[in-house]
Amino acid sequence: MVNKQIIDNYRELALSLGASDFAHSGDTVYIVVDRERLRGLAEALYWKKNCYFRTCAATDETKINGFLALYHIFGDDRNGLNIVVKTYTEPNNPVIPSISDIVPAADWCELEAYDLVGVEFSGRKLYRFMLPPTWPKGLYPLRKDTPYNYRPGLPVSGERISESPVSAVVPVGPYHPALHEPEYFELYVEGEKVVDVKYRGFHVHRGIEKLAETRMTYQQINFLAERICGICGFEHSVCYAQTVEKAAKIDVPERALFIRSIVLEVERIHSHLLWIGVAAHLLGYDTGFMHSWRIRELVMYLAELLTGSRKTYGINLIGGVRKDINEEKKKKILETLELVEKDFKKLVDTMLGVPELVKRLKGTGILPREEARKLSVVGPVARGSGLDRDIRRDLPYAAYSYAEFKVPVYDDGDNLSRLLVRVDEVLGSISIIRQLLDQLPRGEIMAEDIEIPEGRIATSSVEAPRGENVHFIITGRGKPYRWRIRAPTYQNIPALKIMLEGENLADAPLTIASIDPCFSCTDRIYVIRGGNRYRMILPRRY
Amino acid sequence: MMGKLGFVKILVIAAEAGRVTRKYPYEPPLVSSDFRGKIEIDETKCIGCGSCVLACPPNALVMSDEGEGYRVLKYFVGRCIFCWRCIDVCPVDAIKGTREFELATDNVEDLDEAVIHKRASCTECNGLYSTVKQKAYVMEKAPITENYVDKCPECRRNKLLRAFEKRRGGESLE
C-alpha cells in the first residue's frame, strides 16, 4: 500500500498552495483547488513532485451541484499514486486558467474540454480541435442538456491540402497508407528534410462517451469499451470494468483477475507482433512482415480458444470474467507459447541481421528524454526514450503483482529503441503468462451481488501495448454519469512533431508508425467533414 | 553469432514453416471449439420475457408489440456482436450459441429472425399484457393463483387497493 508519509507530504503541499479540500482513498489522492490557485498547484505537481500528466476531464455537473468541473489527473508513478485535481467553474462564465504552458501534455485535453463541454481556458489560444469547423457555436455535445442523438446538418466536404509559399507540402492521409486508419498529416519539406508537421485527426470520433452516459447500462458498456480500439480493445474493457469496480468497491475473485492478466498479455503479444510486421513492411522488408504475421496467427487462434473470439473478446463484465481456463486450455497455451517464443526469437535475430533494416531504424525519429518527459508520453515511446514507467509495475492492477518481470528501457529514443522495447516486451509477456498460469488460483470467476452506488469517483489505468489507458468515471444511476477515456496514442501523437522535424522524408512513414498509433482510439466523436483550412494543432516546441 | 549473411537464415525459417495458408473455402474453416458465432432462438422455449433485449449491448435483439395482440422478438444478425450475453441471461435456455459465422448474403431479409408471441388478455378489462407463455411460466414457477395471473398489472393493482380499502373500511381513494 502507499506510504502514509507520501500522502502527508501531498497533503502539506496541497494545503500550503491553497487547496480547499484534500482526500485520499486507495491509490488516489483528491484535491479541490480554486481557479486562481490551479496553476501554482499544477506546476508544483508536474515539475517539483515530478508527476506525469495523465489527462484532464471536463464534466457538466450542473445536475449534481450546479457547476462545471475540470478534473486534472496527474500520476506519481514512482509512488503508485493517481492525483486528481478538481476545479469548479460557473456554467454561465466557464473560465479556468490554462496550464498548458506549464504542463505541455495538457494541451490536447484542454482543447477537447473546450470543444465538447465548453470550458474556456484563459491564457492560451483556443480553437476548434475535435469538432468539425462548421459545427454550430455554443453547442457542446457533452453537456447534459444536449441529447445524444442530436445531429446538426453539416455540409459535407473533404480534407483540403494546405499550400505553403516556402516549402513543399506532402500530405499523408486522410487514410494512413500502412495502418489503414483515418488521420491526416501534412509534412512540410525542404529538399529531403521535413521542416514542419501538421496533424489533423478526430475523423472517427464516434461519441462513445456520450453514448455510454445516455443510453447504455453498466454491463453493456464493457462491450462498447472493447470497441474503442481494434487492436487493444480488451485493455479498454478491463480498464472500464476495474474503474467501476474501484468506484463501487467490488471485490473481484482472484481467479478472474488472473484470467484478465493472462488475456491482456496474449493481446500484448499479438499487438506487438502486428506492429513488428507493419514496421518491417514499411521498411520494405516484406518477408519479415509475412513471418511476423504468421507467428501472430498462432496467438490469434489462442485468443479465440481462450475467449471465444479472435478480437473483441467479450469476456469482461463488472465483477469478473465470463470464461474460465481449464486444464486442457492451459496445456494448449503453454504449447503455443513455446512455439511462438522459438519462432519469434529466430525471426528477430534474422531481422536485426539485415543491415539495411537496422541502418534505417538506428538514429531516425529521435525523441530526446527531456521532450518525452515534457509531453508525458507513454508506453514503448516513453520506454524507448529512457523514461522508466510501466503501469503494470507502478500501479499494479489485475494479477500483475504476482508476476515478476523486467521493464525494458532504452535511452536512444530512436526507432530502433522503440522496436527493441517491443521485442523485449513480447518475451516478457510470454514469461508473465507462464508465471500466472503456474499460480492460477481456484475459485469463482464472477463476484456475487454487484451494487454500484451513485456519485462515486474513480480513475484507473491499464498498460496497453501502446501505453497507458486512463479511464475516469463518476458513477450515476444504472450508467456512468461521466466516463472519460484517454487512449495512449492521444498522449503520443504530439511527440511526433519532435520526432519528425529534421528527418528525411523517406523515414517519415516509419517514424509515424513507430508510436504504434491507433487513431480510432484517439478519436471518439463524430465523423468530421470540414473544408476549411486547418490550423496547426500539434503543440509548439517548448 | 550473426555473420554478414546472417539474414539468409530466413530461408531456413521459411522452409521449416512450410505453407501456412489454407484452401478455405474448400477446406473447413479454422475456428476453435470455443468460437462464438450466430445465436439460435428456440421459439418453443422462448417465453417473451425480454431479458435478452435488456442485456443486448448493440440492440441486435429488440421487442415490439405488433398487430392485434402479438409481441415480436426480433433478432437482426447484422447488428449482432456475438457476445452471447443473451444466452447468459435467458431464464429458460431458449437461446443457443452456434459456431456459424459465414453469414454473408445478397438478401438483407436473410439476416432477420423473429419469434412471435401471443399476448395474454386480462380477464377483467380485456386489455393486453405480457405474453401467454410468460404467464404460464410464472404460474409454473411461483405459487400464485390463476385468478391473480389472469389479470393485467393495472387491474391487479386496483384489486389490491380495493382489498386494502375493505380491510381499513375507508373510502375509495378515487
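In chain B, 8 residues of domain 1 are in contact with 7 residues of domain 2, where contact means that C-beta atoms, placed from the backbone, lie within 7 Å. By class, the side of domain 1 of chain B that touches domain 2 of chain B has 3 nonpolar, 3 polar and 2 charged residues. Here Ala, Val, Leu, Ile, Met, Phe, Trp, Tyr, Cys and Pro count as nonpolar, Asp, Glu, Lys and Arg as charged, and the others, Gly among them, as polar. This is a predicted model, in which local features need pLDDT of at least 70 and side-chain atom pairs count only at pLDDT 80 or more, while totals for chains, interfaces and linings use all residues. Residues are numbered from 1 along each chain as its sequence is written, and chains are lettered from A and ligands numbered from 1 in the order in which they are written.

## Chain B

Domain 1 of chain B covers 34-118 and domain 2 covers 120-174; bounds like these come from an automatic or database domain assignment. The centres of the two domains of chain B, taken over C-alpha atoms, are separated by 30 Å.

You can count 6 helices and 7 strands in chain B. Helices (H or I, at least four residues) and strands (E, at least two) are DSSP runs, numbered from the N terminus. Followed along the sequence, chain B reads α-β-α-β-β-α-β-β-β-β-α-α-α. Its radius of gyration is 27 Å, well over the 16 Å that the globule rule gives for 174 residues, so chain B is more spread out than a compact globule. That radius is taken over C-alpha atoms, and the globule rule is 2.2 Å times the number of residues to the power 0.38. The C-alpha trace of chain B spans about 105 × 40 × 25 Å along its principal axes.

Where does chain B meet its partner? Between the chains, 17 residues of chain B are in contact with 19 residues of chain A. The chain B side of this contact divides into 12 nonpolar, 2 polar and 3 charged residues.

## The two domains of chain A

Chain A is divided into domain 1 (4-122) and domain 2 (208-500). Their centres, taken over C-alpha atoms, are 27 Å apart. Across the boundary, 19 residues of domain 1 of chain A are in contact with 17 residues of domain 2 of chain A. On the domain 1 side, the elements that give two or more residues are β3 (52-61), β4 (67-76), β5 (81-89) and α3 (107-116) of chain A. Among these, β3(A) gives the most, with 6 residues. By class, this side of domain 1 of chain A has 9 nonpolar, 6 polar and 4 charged residues.

## Helix pairs in chain A

Axes are lines fitted to C-alpha atoms, for helices over the stretch in contact, and angles run from 0 to 180 degrees between N-to-C directions.

| Helix pair | Axes | Angle |
|---|---|---|
| α8 (286-307) and α9 (327-351) of chain A | 10 Å apart | about 165° |
| α7 (254-282) and α14 (415-439) of chain A | within 9 Å | roughly 155° |
| α6 (233-248) and α7 of chain A | within 9 Å | roughly 150° |

Angles under 35 degrees count as roughly parallel, over 145 as roughly antiparallel, 65 to 115 as roughly perpendicular and the rest as oblique. The helices α8(A) and α9(A) are therefore roughly antiparallel, and so are α7(A) and α14(A). A crossing is left-handed if the near helix is turned anticlockwise from the far one by less than a right angle, and right-handed if clockwise. The crossing of α8(A) and α9(A) is left-handed, α7(A) passes α14(A) in a left-handed crossing, and α6(A) passes α7(A) in a left-handed crossing.

Which residues meet between α6(A) and α7(A)? Phe234(A), Glu235(A) and Val238(A) in α6(A) meet Arg260(A), Val263(A), Leu264(A) and Glu267(A) in α7(A). That contact divides into 4 nonpolar, no polar and 3 charged residues. For α7(A) with α14(A), the contact includes Phe258(A) and Trp275(A) of α7(A) and Leu419(A) and Leu437(A) of α14(A), and the classes are 15 nonpolar, 3 polar and 4 charged.

## Two backbone details

Most residues other than glycine have a negative phi, and most peptide bonds are trans. In chain B, a cis peptide bond joins Tyr24(B) and Pro25(B), with omega about 5°. Pro25(B) sits in the loop between α1 (10-17) and β1 (39-41) of chain B. In chain A, Asp449(A) has a positive phi of about 50° although it is not a glycine. Asp449(A) lies in the loop between α14 and β13 (457-464) of chain A.

Terms used:
Contact = placed C-beta atoms within 7 Å.
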